[in-house]
Amino acid sequence: MVISAMGISAKVMKALSLRQVALSIVAIISAGLWTSLQAATVEGMRLWAAPDHARLVFDLSGAASANVFSLDDPARLVIDLDDSQLEADPDSLSLEDSAISALRTGTREGNGLRVVLELNREVEPRHFTLAPNDQYGHRLVVDLEYPGESAVENPIDPIEAMIREQEIQAQRASARAEVGDSEQAASSVEASNEPSTSEEAKPHPRRDIIIAVDAGHGGEDPGAIGPAGTREKDVVLDISQRLANTINAAEGFKAVLIRDGDYYLGLRQRTQLAREQKADFFVSIHADAFNSPRPQGSSVYALSQRGATSETAQWLADSENRSDLIGGVDGNLSLRDKDQVLRGVLLDLTMTATLNDSLSIGGQVLDQLGRVNRLHKSRVEQAGFMVLKSPDIPSLLIETGFISNPEEERRLRDPVHQQGIAEAIFGGLQSHFERYPPPASLLAWQRDNQRRPSGDEYRIQSGDTLSAIAVRHGVPVNQLKQANDLNGDVIRVGQVLRIPSS
């Protein structure tokens, strides 16, 4: 009986052990499910206010689903986060310059979080979630876009500007026809029964040369961070504002700040804004870092159609292009980039001429920068920066210095050095445009009127060649080049040539 009892006890103990193991497994599984289903914590809230939109970012401890919808009378935007709880202090959020007049929070169905935004203007909401990256954890991003608003002040209607430019060209063509062959003009008028006189050409527009100044990064994208904690987005905004002031102080120039505050803009949006402003030139200001504190000095980059010209250039290009992923505006999330095929065709057709201008201006800027700062590279580098891929606007990206270098980080914070960098950049731009002013600009008018009145003048039209102009006016090509200080056969539409007396 003792043996039997002992056998029963052994069986009971074995059964109990199996039950305990099973319960332990259930407990482990339950704990895992609870961990995956437990509330995500809203650890922080950040708001970035831009002229054309506001971005509200929720920093989350884990992934969370959200439902965003609008309510009327009064206008509100409701943000519901499932299985979430709030640890951030919403009262610490500055709502200044945004479409949000007030923000309220509360619980929803016991374990959910509801955030209500009271709005003071019409908005078009858009939201998406972002997975962790090297700078942030899980995020919910809510964009409030303002219909009809522009990210820059006093936007120029591109259609109106195009029509205005066409009218100017037509008036000039008419004025040239006035001084043509009088007998041919008379016979043409008689045949068409039109008046023999035409409307007087309007005065030269003497427009400003528009420089789009783009301060890199911004908002939730701080850019590179120096050893002392200096953020790239802050110093490049300071330099960009100084550059804009320097440009606006010069006669015949006007600056357009692509970003004038601490907010994020997508890389494609930056170049699109420059195009909407009819910019003659686009310059993007940066202060990047390297994986070593030793590199220092300024660099100037133009776009490369075939990739980077050095490993450093490629590394920097990859770093800058990742900014759109940090800001959550990659190609899959953007709702505005519907014309990529067309943009690619335009890029192939026009990039060569634009790139040549970029390299020419870059050389002048690099020369000026070398007078106020050490140069990291002695020539204009080329890389595939997305922000430079505007086919019709010459563009440069300028690395004002390496913020990862402690000494250069200190200098980049110095207002005197910032002003010196700004003046050097503009000095290079001004030198180029004084020699090659765009048509209809004040600088073009000044150049044309400062020419000595020896011989006639001719304004180049689309389709003209230097040899055809020389034949038309009965002068040798070499003599025409010498009279206009031309080293080659390249001429530009709108350029005025002095025709020497034969």
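**View 1. Strands β3 and β4 run antiparallel and are joined by six bridges.** In this predicted model, the partner of β3 is strand β4, which covers residues 76-81.

**View 2. Four strands form an open sheet in the order β3-β4-β7-β6.** Let your eye step across the sheet from β3 to β4, then to β7 and on to β6; the pairing is antiparallel. Which strands are the edge strands? They are β3, residues 66-71, and β6, residues 100-108, and each of them pairs on one side only. On average, neighbouring strands of this sheet are turned by 15 degrees against each other, if direction is ignored.

**View 3. The largest cavity has a volume of about 80 Å³.** The model holds two cavities of 30 Å³ or more. Around the largest cavity there are 14 lining residues, and those nearest its centre are L267, S284, H286, E320 and V387. Helix α5 (267-276), strand β12 (281-286) and helix α6 (311-321) are the elements that each give two or more residues to this lining.

View 4. As you look around, use the residues nearest the centre as landmarks, among them H286 and E320.

Key. Residues are numbered from 1 along each chain as its sequence is written. This is a predicted model: local features need pLDDT of at least 70, side-chain atom pairs count only at pLDDT 80 or more; totals for chains, interfaces and linings use all residues. Side-chain values use heavy atoms; hydrogens and water are left out. Two strands pair if DSSP finds at least two bridges between them. Axes are lines fitted to C-alpha atoms, for helices over the stretch in contact, and angles run from 0 to 180 degrees between N-to-C directions. On a 1 Å grid over the protein atoms alone, a cavity is a set of points where a 1.4 Å probe fits but cannot get out, and a pocket is an open set with protein on both sides within 12 Å along at least five of seven lines; lining residues have an atom within 4 Å of a point. Grid points are joined across faces, edges and corners, and a volume is the space filled by probe spheres set on the points.
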